[in-house]
Amino acid sequence: MAKYLRRTLRLSASPGESSLATLDIIDLGSPLFGPVRLSAGPGEVVGLSGPSGAGKTLLLRGVADLDPTRGEVHLDGQPRSGFHAAAWRAAVGYLPAESQWWEERIGAHFQATADALHALGLPADALAWEVARCSTGERQRLALLRLLAGGPQVLLLDEPTASLDAAATAQVETYVLAYARSRGAPVLWVSHDAEQLHRVARRRFQVVPRGRLEPLA
Amino acid sequence: MSVIALSVLDLSLAALLVVALAFVAHRLRLGLGRRLLLGALRTTLQLLLIGLVLKVLFENASLGWIALLALVMLLVAGREVMARQQRRFVGPWGFGLGTASMFLSSFTVTVFALITVIGTTPWWQPQYAIPLLGMLLGNTMNGVSLGLDRLTSGAFQQRAVIETRLALGHTAAQAIGTIRRDAVRVGMVHIMNAMAAAGIVSLPGMMTGQILAGTPPMEAVKYQILIMFLIAAGTGFGTVAAVWFGARRLFDERERLRLDRLSHPRTR
C-alpha cells in the first residue's frame, strides 16, 4: 500500500510542476453554508477568518468536494464536474485542521527531501518516526509536507499553524508562500490569527455565520 | 443401528438441567434466569414447529412449497442481520444489503451442492434441500452480520482518516481498503477456526446429530466435510459480497464518504 502511494504521489507530482491555475468558486453552497462566490488567481493567497462554527471548514470541504454542495467550482476554467472525483481532490489539496495518519511510520505515507523537512524545522530522519511519538505540531507540519508531496494546483489550508510556536509558524508561512509562488497555486488560508492573515494574504474575508463572506478592509 | 426415539420424559429430564441453571442464575442475581427460560421455551416451540412443517413438506414435496419455506428462512435471516447492526444503512439498503448477499451466496451454493454433489432426483428433494439451506443461511448470516457491522463501525470511527485520504486524492476503494479487508476477515474468521478445530477440539453438531441418529461414523464424517466446505464458500462469498457492496454504498458517485447513509446506533 505504502509503496503504491509513493508511486502515485510522485507520478501526480510532475504534471503540477509549474501550472498557473485560477480557482473560481461560483455560488457554492449547501443548507449549512453559502452561497459563496470567490476567485483566486495564480499564486494568490486569500485569507479567511471568522468565529468558530461560521462555516470556514465547510467552505473548504465543499470546494474539495468532500460534502455534497450546490454550485460549481472551476479550476483553470475547467468545471469540477468534468474531473474524476479523486483527480479533483488530488489537484485541489485540502489540509484538515487535525492531521490524520493510518500507517505506523511517517515515511509510509509520503516522501520528502531533507531540504523540505529542514525548511519546516524538522530533522532529516523525521520520515522514520513513529506517528504515535510525534507531537501535534510535528504532525501538523508533516501533514502539510504530505499534502504538498502530491503537487496540488490549489491549496485549501484549515488552520495550518494552529498548534505551532512562532518560529515554526513563520517557517510554514514562508514555505507555503514559496510553494504558491513557484507553482502559481491559488491558496485559501483559514486562520484565527488576524496578524497571520495580514502577513500572508492581500485579500481577506470574514466568514460570518451560515457561511457567507464579508470582505475585510 | 436404529434411531433410539426420544420420549417427552427424556426431553423433560434434559430440560431439568436448564431449569436448574436458571435457578442458580436467579439466586446469583445474574439477571439471566428469565431470558434463559424464555430461550429454552423458544427453542422448543420453534423446533417443534419446523419439525411439523418439515413433516408436512416431506410428505407433499413440491417446488413451490419448498421455495416458500426457503423465502421465509431468507427473510428471517435478513431481519436478523439487520437487527445485529449497530449502525445500519438507512432505507431499503438496511435490510436489502445483507439479504441480497445471503441470497446470492447461500442459494447458489445450496443449489450447486444439490445438483452436482448430492444429485438427488428431483434436485430440490426437501430432505436434503431444506437442512442444507438452513445450515448455510445460519452460518452465512453470522459472517454477513459481523462483516457489515465491522465495516460500518470502522468507517464511522475512522471517518477522519478516510476523508484525509480522499483529500489527498485517494480513491474511495483505497481510502476504505484497510477497513474493508478487516471486515471480511472478521466475517470469515469463525468458519476458518471451525475448520481448523473440527474433529480435534470439537465434534461438529450436524455430525454428532447424525451419529446419534444411527448413521455410520464415516458417512456422517463425509457429510460433515461437505457441509464444512459449503459453509466456508457460502460464508466467504456472502461476506465478501455484503462488505463490498456496503463499502460502495458508503460513498456516493463523487466518492464522498456518506455516513449520513447510516442510522444512529440504538441505545440499549
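**Entry 1. Overall make-up.** I counted the secondary structure of chain A and found seven helices and ten strands. Here helices (H or I, at least four residues) and strands (E, at least two) are DSSP runs, numbered from the N terminus. I noted that this is a predicted model, in which local features need pLDDT of at least 70, side-chain atom pairs count only at pLDDT 80 or more, and totals for chains, interfaces and linings use all residues. Residues are numbered from 1 along each chain as its sequence is written, while chains are lettered from A and ligands numbered from 1 in the order in which they are written.

**Entry 2. Confidence.** I looked up pLDDT, the predictor's confidence in each residue, from 0 to 100. Its mean for chain A is 90, and 91% of the residues reach 70 or more. Within chain A, strand S7 (residues 154–158) has the highest mean, 98, and helix H1 (residues 2–13) the lowest, 41. Over residues 1–17 of chain A, pLDDT stays under 50. Where pLDDT is low, the predicted coordinates should not be read in detail.

**Entry 3. Size and burial.** Of the 217 residues in chain A, 45% are buried (20 or more other C-beta atoms, placed from the backbone, within 10 Å of the residue's own).

**Entry 4. A strand and its neighbours.** I followed strand S9 (residues 203–208) of chain A. Strand S3 (residues 45–49) of chain A runs parallel to S9(A) and is joined to it by four bridges; strands count as paired if DSSP finds at least two bridges between them. A:Gly47 has A:Arg204 as its bridge partner in S9(A). With strand S10 (residues 212–216) of chain A, S9(A) pairs in the antiparallel sense over five bridges, and A:Phe205 stands opposite A:Pro215. S9(A) and S10(A) form a hairpin with three residues between them, and A:Arg210 in the turn has a positive phi of about 70°.

**Entry 5. The interface.** I found 17 residues of chain A in contact with 14 residues of chain B (C-beta atoms, placed from the backbone, within 7 Å). Helix H3 (residues 85–91) of chain A gives the most to the chain A side, with four residues.

Definitions and conventions:
Two residues are in contact if their C-beta atoms, placed from the backbone, lie within 7 Å. A residue is buried if 20 or more other C-beta atoms lie within 10 Å of its own, exposed if 12 or fewer, and partly exposed in between; C-beta atoms are placed from the backbone.
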